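Me: I am new to this structure and would like to go through it slowly, one question at a time.

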Amino acid sequence: MTEPRARAARHKGQLNFEKELRGLLYAHGDDPDPLPETVRVLDEITTDFIIETCHAASRHATLNNRQKVKLEDFKFVVGQDERLLGRMTELIGMEKELKEARKGFNTDEGKIGLERGAVGKKRKRVSKGGEKGEDGEDGEDGEDGDEDIVQDASAAAAG
């Protein structure tokens, strides 16, 4: 990148990634409790890299007559380092896959009993007609269009 900027006085001594860097150092073979100077230096390097990358992306957005920084600005800045660009592209793709998976996931499933506070209560399956057998079924296969409605045993007994 460019020559590192002087750290602002308000960030002096403040560690932004101490926990993550300690874990990273240990994962790469360092002592479980690394020297504080090592963590501090790595934190400064990491913070400076993030700040410089954001400033460069902001400059790229400004040169393209935009006030907002977009993902393509970061891709342009990181584009000189093929490993970093590849990892960034991989993470962006993974994020899109997760977003699509969450969109298709039905989050309302299982909330029927919880809304009534029926955690752990027995339930009976009741058809719209109200007739039920020993297992709570009305004896039909549901081919005629009747939908089964789940009700709490206490609500069925009260009604």
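The questions and answers below take up confidence, a helix pair and a pocket.

Reply: This is a predicted model, in which local features need pLDDT of at least 70 and side-chain atom pairs count only at pLDDT 80 or more, while totals for chains, interfaces and linings use all residues. Residues are numbered from 1 along each chain as its sequence is written, and side-chain values use heavy atoms, with hydrogens and water left out.

Me: Over which residues is the pLDDT below 50?

Reply: The pLDDT is the predictor's confidence in each residue, from 0 to 100. Its mean over the chain is 76, and 58% of the residues reach 70 or more. Where pLDDT is low, the predicted coordinates should not be read in detail, and the stretch with pLDDT below 50 is residues 132–159.

Me: At what angle do α2 and α3 pack?

Reply: Helices here are DSSP runs (H or I, at least four residues), numbered from the N terminus. Axes are lines fitted to C-alpha atoms over the stretch in contact, and angles run from 0 to 180 degrees between N-to-C directions. The axes of α2 and α3 lie 8 Å apart, and the angle is about 115°.

Me: Which element gives the largest share of the lining of the largest pocket?

Reply: A pocket is an open set of points on a 1 Å grid where a 1.4 Å probe fits, with protein on both sides within 12 Å along at least five of seven lines, and lining residues have an atom within 4 Å of a point. The elements that give two or more residues to this lining are α2 (36–63), α3 (71–78) and α4 (82–104). The largest share, seven residues, comes from α4.

Methods
Contact = heavy atoms within 4.5 Å.
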